[in-house]
Structure formats: structure tokens, C-alpha cells
Amino acid sequence: MWKNLDLLKYSKNVVLLATVWLQCFVLLVRACGQYIELGSSSTSSISISNSYAPYSNCIWVVEADSGYRVELNISSFVGQELSGSCVDYITVRDGSDSADEVLGKTCTTLTNSIVTSTARWMWVQFKSDGEITTSGLTAKLSTVYAGSVISNYSSPLESCKSFQYECDNRICLTRAYLCDGFEDCGCSDCDESACTGLPFSRSELMGMSIGIGSFLSIGIFVFSCLYERYRKLKAIRQGNLEMDPLAGNSKKAKIAWHK
């Protein structure tokens, strides 16, 4: 039979799995980004308040007019680090995609920090975990004239393919990610906008997950007990047969018994 300690650990894992499974239907990674076009003299502000939602994922794709670079002026930003890893952080890339060169990534405190793109495009992301929030982000986007120096750069913004979903911030997302409980686009009301989860509160879901986990644990425990009992009875029966001299399988033993 299983040891009590092993059974307890297994039961806890079952309860945890049931909890995660149920919460996946209602837990959304919050988004707030967008696609921003900047004219030669226009500006735009991006900000994250100190009351931002847990698991925020905000992606801004910025495109400047021909002959202009994008300039990001971060007035203030406070990130968060946990066990040596950034959990609330900002990432700036030199282009319009998550695979482009990183111009900067940090979870430290920034004040009046300026980042400038090489060409006309910039990708900005703010991402957080589900724990303590910080004071957030305050920044301004503007343009810097570069002239014909950047005229040879072709636009990285392409039309999405047939199997992809085009987000409002011009990001192409594989349709398999639609309605998966996470706003993968990085913008509000995008890939999760037309999806509904279970009509229960978080406390109700927690109770349901604990109930399902407990039921599965009890079922596994009962099954293991019955299976071990079956094995013991089978072993006892086999032992009795081996001790009986007339219980052999040879034809001679069977004939002697009938006589």
C-alpha cells in the first residue's frame, strides 16, 4: 500500500491541478497596449497606473513618419525584482516584433530615461506578475528627424497570414492562442474580447477546485486500497495452492486425486 506521506503529496498535487484547471477559464492576463502612429510633430503618452492588474501584458507597436525615428522618454518607472529575476519590467525593442533587437530591458527605477529607435519603428512592452504592484510607468513618445539615413529600411509590419489573427496593435497571433485565457496580443479587447469563462466567482471556483481535487484523491485512495487487497488475496491463494501436494498441474496428480 502507498505510504501515507506519498499519498498526501499526490493528493495535494491533484488539488493544485484542479485549481489551476478551473481558474484557466476565468483568469485573464490583463492587457493595455495599442498601435500608435506618430506624425512628424506629434506625441503620444503611454502610462501604467499603480493599480495595474495582476499579470498585465501591455505591448505598444509604434510607427513614425517617413524619415523620422521614434523616441521614448520614460519620465518615471518602478519595476520589481524577485529572487534575482525581473517580475514587473519594461522591454524596448528596435523594431515592431518581439524578436527584434533589445534596446533596453529593466525592472529597476528609471527617471527621465530616453531610448531612440534606429529606424521608424519601436516595440514597447510592460509585463507584470500576480504579486505586489509598483508605481507603474509614465512615458511619452515623440519623433526625431533622421532624414534619408533611414530611407533604406523597409517596413517590418506585414499583413497577417490566413492562419493568424491580427491584433489591434498590429501583432500577428496564431489562432490557436485565441480564447486561451491569456491576452497574448498585449492589447485590450483583442484575442480574448469575445470569450466567456465559467459564470462563477473566484471563491466559488476555489471551492469547486478543492472539491474536485478531494474527490479525485479519495477515489485514487479507495482504488489503491482495493487493488492492494486484490493483490494480497491473489498471493494468499497462490501460496495455498503451492502448499497442497495434490494441487499440482501434472496429469499424474489429477489421476491420483480422482482415484
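Close-up 1. E228 is buried, at 18% relative accessibility. A quick word on the model: it is predicted, so local features need pLDDT of at least 70 and side-chain atom pairs count only at pLDDT 80 or more, while totals for chains, interfaces and linings use all residues. Residues are numbered from 1 along each chain as its sequence is written, and side-chain values use heavy atoms, with hydrogens and water left out.

Close-up 2. R120 belongs to the loop between strand 8 (110-116) and strand 9 (121-127), and E63 to strand 3 (residues 57-64), so the contact ties together parts that are 57 residues apart in sequence. Both ends are buried: R120 has a relative accessible area of 18%, and E63 comes in at 13%. The count for the model is three salt bridges.

Close-up 3. R170 forms a salt bridge with E166, at 3.6 Å from N to O. The charged end of R170 also sits over the ring of Y35, 5.2 Å from its centre (this needs NZ of Lys or CZ of Arg within 6 Å of the ring centre and within 35 degrees of the ring normal). E166 is partly exposed at 42%, and R170 is partly exposed at 28%. Elsewhere, K105 has its charged end over the ring of Y89, 4.7 Å from the centre.

**Close-up 4. Aromatic pairs.** The model has four aromatic pairs (rings of Phe, Tyr and Trp, the last by its six-membered ring, with centres within 6.5 Å; planes under 30 degrees apart are stacked, over 60 edge-to-face, the rest tilted). Y52 and F126 have ring centres 5.1 Å apart and planes at 80°, so they are edge-to-face. Y52 lies in the loop between strand 2 (44-48) and strand 3, and F126 in strand 9, so this pair ties together parts 74 residues apart in sequence. Both Y52 and F126 are buried. By contrast, F223 and Y227 are stacked, at 6.3 Å centre to centre and 15° between the planes. They lie four residues apart in helix 2, about one turn; F223 is exposed at 58%, and Y227 partly exposed at 41%. Y52, F77 and F126 form one aromatic cluster.

**Close-up 5. Residues that line the largest pocket.** The lining of the largest pocket has 32 residues, with S96, D97, S98, W123 and I171 nearest its centre (on a 1 Å grid over the protein atoms alone, a pocket is an open set of points where a 1.4 Å probe fits, with protein on both sides within 12 Å along at least five of seven lines; lining residues have an atom within 4 Å of a point). Strand 9 gives the largest share of that lining, four residues.

Technical notes:
A salt bridge is a side-chain nitrogen of Lys or Arg within 4 Å of a carboxyl oxygen of Asp or Glu. Helices (H or I, at least four residues) and strands (E, at least two) are DSSP runs, numbered from the N terminus. Buried means under 20% relative accessible area, exposed over 50%, partly exposed in between (1.4 Å probe, protein chains only).
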